[in-house]
Amino acid sequence: KMALAFPRRGPRSYRILSGFLRFKPFRLADLPGLARVERTLNDPASDQCSAADWLDSVGQSGTLREYFWDPLCISALNRAPAEASARDLRAVLREAFFGQSDGADMGYAGVGLSALYTEASRQYIESHGGEVRSGAAVQRVTRLPNGSLEVSLKADARIEADAVIAAVPPPALLRILPDGMSPLRETLSRYRPSPILSVNLWLDRPVLQKPVLGLLGSEMQWVFCKSALYAGRDRAAPGHITLVASAADALVGLSDDALVKMALSDLRTHLPEAENASCTQHLVIRERRATYDLPFSMNRPGNTT
């Protein structure tokens, strides 16, 4: 077991160096490579290459790749380093290690996601004069002759608006866009989906007391203990464990039984407490289009059209 933790006080370089010096896989020979990472964080020359190529170019050792860089890239970008964008990985590093002292903190929901934001968001919008419609899928956004926009909903409902915020995945936005906008359509058509896989296990006994545990050398990368996460704020059985695999292209096509067997094997390998635990129930969730990204050579479109 190992952890990478950074002091909250002191100069930025001191905090980063102090954290890595206490990280077991780190060696003094890795110091020059860390300095090269910092020097090239804002270098546009490597924007159009993979994270793997950039890490190679700044001399990151195989050990640090295995224990730090590769897990960080997969968890943050939902892509293996060979397929992830160096530009995106550097953006993560600027936020996590070269921004505010809390930039690398890991946050997690202490309740179910519906309880986390759904009702609170509805109450906020309605208390400020807005309206929330559920089950009202958008079919199309159209420009009107007067310059405003018309949002067509299923069941022939229509809403006229001065502006529309489209908080939808790229393929959905491509379907509802007004006519024209050829450059934006071309960009949206080039987005690539990447899957995330979750295996929920209900065991006959508690096997983990910590909320989150990262795994190395396993098919599954993260273990979440729901009862520890919720800490009484929401309902969770003591033995409810969720194992998650990001960039899970090679796993989403496997059967539920194969995935449950794999998850149990990973869990028992890393947690001796789980060796004799029995699984009484399971649920596999495949998010085949969990995230989207663009090829390295393309820039994201802006937030306004």
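Contact here means heavy atoms within 4.5 Å. You are looking at a predicted model, where local features need pLDDT of at least 70, side-chain atom pairs count only at pLDDT 80 or more, and totals for chains, interfaces and linings use all residues. Numbering starts from 1 along each chain as its sequence is written, and side-chain values use heavy atoms, with hydrogens and water left out.

**Stop one: Leu201.** Select Leu201 and show its neighbours: not counting residues up to four places away in sequence, Leu201 touches Gly239, His240, Ile241, Leu243, Val260, Ala263, Leu264, Leu267, Cys279, Gln281 and His282.

**Stop two: the core.** A nonpolar core is a set of buried Ala, Val, Leu, Ile, Met, Phe, Trp, Tyr and Cys residues joined through side-chain atoms within 4.5 Å; buried means under 20% relative accessible area with a 1.4 Å probe, protein chains only. The largest such core has 27 residues, of which Leu201, Val207, Ile241 and Leu267 touch the most other members. Colour β4 (192-203), β6 (222-225), β7 and α10 (256-270), the elements that give two or more residues to this core. With 6 residues, α10 gives the most. Helices (H or I, at least four residues) and strands (E, at least two) are DSSP runs, numbered from the N terminus.

**Stop three: helix α4.** Buried residues of α4 include Leu64, Phe68 and Leu72.

Definitions and conventions: Buried < 20%, exposed > 50% of the residue type's maximum accessible area, 1.4 Å probe, protein only.
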